[in-house]
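Subject: Structure for you to look at

Hello,

Here is the structure I said I would pass on. Please open it next to this message and follow the notes below.

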Amino acid sequence: MLNRRSLLAAVMAAPCLSGSGVARTLQHHVARQSAAPASGGSYAAFLDSVRSEALGKGINAATLTRALAMTKEPNARVIKLDRHQPEFTLTWAQYRERVISATRISQGQAAYQSRSQLLENTGTFYGVDPRVIVGIWGLESGFGRKIGTFSVVDALATLAYDGRRASFFRGELFKALQILDHGDIQPETMLGSYAGAMGQPQFMPSAYLHYAVDADHDGRRNIWTSEPDVFASVGNYLHSCGWQADAPWGQPVKLTREIAQTQLGRGNKQSLSAWMALGVRREDGSAFTREDVSGAVIRPDGPGTEAFMVYKNFDVIRRYNPSDFYALGVGLLGYAVA
């Protein structure tokens, strides 16, 4: 078993991949155009090519037979969901109401209270804020209640065959087969989203291979039903992507005078002393205590609306899903429930 120092050194060597799914945000969805099958042939011929290539990669024939039995023809529902995502735009206020509802906060508080020691221990081990682990857990799977109902092999094979981003999904399919060959999960219980994001953290197979952790030491990295593995995997991800220990992701702030929107945004970082000179204060109107810390002010809904000071750890959360709304939702939900 790896000790903490050797484990963290190993994960820091891995690239920081996108953590969950094909980037999914409630505020921006783009409708997909129809695409011709990438293979140019039948689905059966496509599966034969997958099997042949997987055997060449060293995946066991028995694993392939069982896994590919999960998909007989392209999954029409997967294709429909992928091609016909609705186009709509939410404001930050609308998004916040959806993802940080009173019901979700209540569910999160109950979930956190019954798992507080495990979450605290995981946060300490990886040097990350356990509240952010909870926030990601809550947004991705409703605190473990919703992990998706699609066979990951079926979904990825369908999307690899269908043609849109075929190379990406084909690569993820082979990684899913690699996970199955290792024995971490069985094909029948490898469930996730229509895009192949798996388990409670909604890791794509590539992210799983880099960041999933066997925290309960049962020999399997089980992000579907083992909460120690789920929390450790998210903590490992955040640590690997540069989380700064004992530092916040951000905080609500008050603008005592108007600041042009062009001076705001994640790319406009400066010291808190400089922001205070522009009239930025804590939410309660008091001054910041660490004037040397660098941050950026974001105001998602524009002038006269909620504003937040965000720090480096905010950018780390965005590596999981590249959306300001998502990162704010994770941070604020974590603060609300723990």
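Phe 143 is buried, with a relative accessible area of 7% (buried means under 20% relative accessible area, exposed over 50%, and partly exposed in between, with a 1.4 Å probe and protein chains only). This is a predicted model, in which local features need pLDDT of at least 70 and side-chain atom pairs count only at pLDDT 80 or more, while totals for chains, interfaces and linings use all residues. Residues are numbered from 1 along each chain as its sequence is written, and side-chain values use heavy atoms, leaving out hydrogens and water.

Phe 143 sits in the loop between α7 (130-141) and β1 (150-151). Helices (H or I, at least four residues) and strands (E, at least two) are DSSP runs, numbered from the N terminus. The phi of Phe 143 is near 60°, a positive value in a residue other than glycine. Most residues other than glycine have a negative phi.

Asp 246 also has a phi near 60°, positive in a residue other than glycine. The loop that holds Asp 246 runs between α11 (227-240) and β3 (250-255). Is Asp 246 buried or exposed? At 85% relative accessibility, Asp 246 counts as exposed.

**The chain and its confidence**

The chain has 338 residues, and 49% of them are buried. It contains 14 helices and 7 strands. Of the contacts (heavy atoms within 4.5 Å) with a separation of 6 or more, 73% are between residues 24 or more positions apart.

The average pLDDT (the predictor's confidence in each residue, from 0 to 100) is 90, and 89% of the residues score at least 70. Over residues 1-14 the pLDDT is below 50, and this stretch has 17 contacts in the model beyond near neighbours in sequence. Residues 22-34 stay under 50 as well, with 39 contacts beyond four places in sequence. Where pLDDT is low, the predicted coordinates should not be read in detail.

**The sheet**

Five strands form an open sheet in the order β4-β6-β7-β3-β5, with antiparallel pairing. Two strands pair if DSSP finds at least two bridges between them. β4 (270-271) and β5 (280-282) stand at the edges with a single partner strand each, so one side of each has no neighbour in the sheet.

β4 pairs with β6 (residues 294-298) over 2 bridges, in the antiparallel sense. Gln 270 has Gly 295 of β6 as its bridge partner, and Ser 271 stands opposite Ser 294 in β6. β6 also pairs with β7 (residues 307-310), again antiparallel, over 3 bridges. One partner pair there is Ala 296 with Val 310 in β7. Because 4 of the 5 residues of β6 are buried, this strand is largely enclosed by the rest of the structure.

**A bent helix**

Where is the kink in α6 centred? It is centred on Arg 115 and amounts to about 75° (the bend at a residue is the angle between axes fitted to the seven residues ending there and the seven starting there). Helix α6 (residues 102-126) spans only 30 Å between its end C-alpha atoms, whereas a straight helix of 25 residues would span 36 Å at 1.5 Å a residue. The expected span is 1.5 Å times one less than the number of residues.

Buried residues of α6 include Arg 104, Ile 105, Tyr 112 and Tyr 126. Just after α6, Gly 127 takes a positive phi of about 70°.

Regards
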